[in-house]
Amino acid sequence: MKIAVFSTKSYDKDYLDRFNTDHEFTYYEAPLNAKTANLTQGHDGVCVFVNDKPDAEAIALMAANGIRLIVLRCAGFNNVDLDAAKKFHLDVKRVPAYSPEAVAEHALALILTLARKTHKAYNRVRESNFSLERLNGFNISGKTIGVVGTGRIGTAFCRIMSGFGARLLAYDLFDSPELKQSAVQYVSLDQIMAESDIISLHCPLNPSTKYLINKDSIALMKKGVMIINTSRGGLINTKDVLKALKQGKIGYLGIDVYEQEENLFFSDLSESIVQDDLIARLISFPNVLITAHQGFFTNEALEQIASVTIRNITDFENSVINGNEVV
Ligand code: NAD
């Protein structure tokens, strides 16, 4: 099949080319949206990532160009207008599970960096500043960790954190039988907010989870709580979190995703004037750690993403239902 690949980075091309034998890929650095949808002319399908915008307008234009398939190089599909895909008879397939440990381990990296201030220590030592003043951190052992969403990544995260001797609370719409057998305790969302020292978000973004972290849920939290978000930026109301950081109510924030990330992440803007004042303010806090959506970014995960993406295209071509269908 002829596939137009959008938002291509060097590593996307490297890994897709490594696993591809049967399909013809055209690589575009541009993101997919209504303005770029015409680049799909002459193709059968598109391959997109988290910040592409296959919205109703883009899908209508693509369908007119003969596009029949959207393959996502990711698990989340909140950026795709599924009703429009159905209306125009486009199939949508994703990579539901690619190394959940990659994202879970990244959440841990954010936690330990914030808790032990290793990012500051690294910079200090490079300047031959060997002082420990203000580098005091805290133990994870004995703390209460609240996990929102115990699917693949949340479960991997619980497994990792159980090794720290922490108390683990979880909330999900469906309890995981595996975790219920472990030391993880399922509680209400309010209890997670009220009792946790660290809250880690592992649920998808949808209308029921949008702004899960907002002024009301923050009001329930302990003073000095750490919030970790490796899922989707829209789970957090950034303005409310900023206010709580200024007041000291939130003690630490580690985010790998950001509400307005499509204008920022995956690009080198080091020579540009960043227009987003919210992220500029967030960057200024000493107790905020931001990574630019790199939770998935391990060699193991990239191999799985490329091989499953290619299998999704081949299975679509052969009318094989493989369980990765979104629509
Ligand atoms: P998953 O589908 O396996 O698990 C999601 C879990 O969230 C499910 O158990 C589901 O029941 C639960 N859930 C749904 N609605 C909920 C709600 N209202 N409250 C609480 N729980 C709810 O997904 P996953 O593979 O574990 O991925 C989780 C999220 O991680 C994805 O949706 C994606 O946004 C994000 N992600 C981020 C990266 C990254 O690089 N940072 C990479 C992959 C995935």
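This is a predicted model: local features need pLDDT of at least 70, side-chain atom pairs count only at pLDDT 80 or more; totals for chains, interfaces and linings use all residues.

Residues are numbered from 1 along each chain as its sequence is written, and side-chain values use heavy atoms, with hydrogens and water left out.

Select helix α1 (residues 10-19) together with helix α12 (residues 299-317), whose axes come within 9 Å and cross at roughly 55°. That angle makes α1 oblique to α12 (angles under 35 degrees count as roughly parallel, over 145 as roughly antiparallel, 65 to 115 as roughly perpendicular and the rest as oblique). Next, show the side of α1 formed by Tyr11, Tyr15, Leu16, Arg18 and Phe19, which are in contact with Asn299, Leu302, Glu303, Ala306, Ser307, Thr309 and Ile310 of α12, where contact means heavy atoms within 4.5 Å. Sorted by class, this contact has 7 nonpolar, 3 polar and 2 charged residues (Ala, Val, Leu, Ile, Met, Phe, Trp, Tyr, Cys and Pro count as nonpolar, Asp, Glu, Lys and Arg as charged, and the others, Gly among them, as polar).

Now move to Ser7, in the loop between β1 (2-5) and α1, where phi is near 55°, a positive value in a residue other than glycine. Ser7 is buried, with a relative accessible area of 17% (buried means under 20%, exposed over 50%, partly exposed in between, with a 1.4 Å probe and protein chains only).

Finally, select Ser99, in the loop between β5 (91-93) and α4 (100-116); Ser99 has a positive phi of about 45° although it is not a glycine, and at 12% relative accessibility Ser99 counts as buried.

Technical notes:
Axes are lines fitted to C-alpha atoms, for helices over the stretch in contact, and angles run from 0 to 180 degrees between N-to-C directions. Helices (H or I, at least four residues) and strands (E, at least two) are DSSP runs, numbered from the N terminus.
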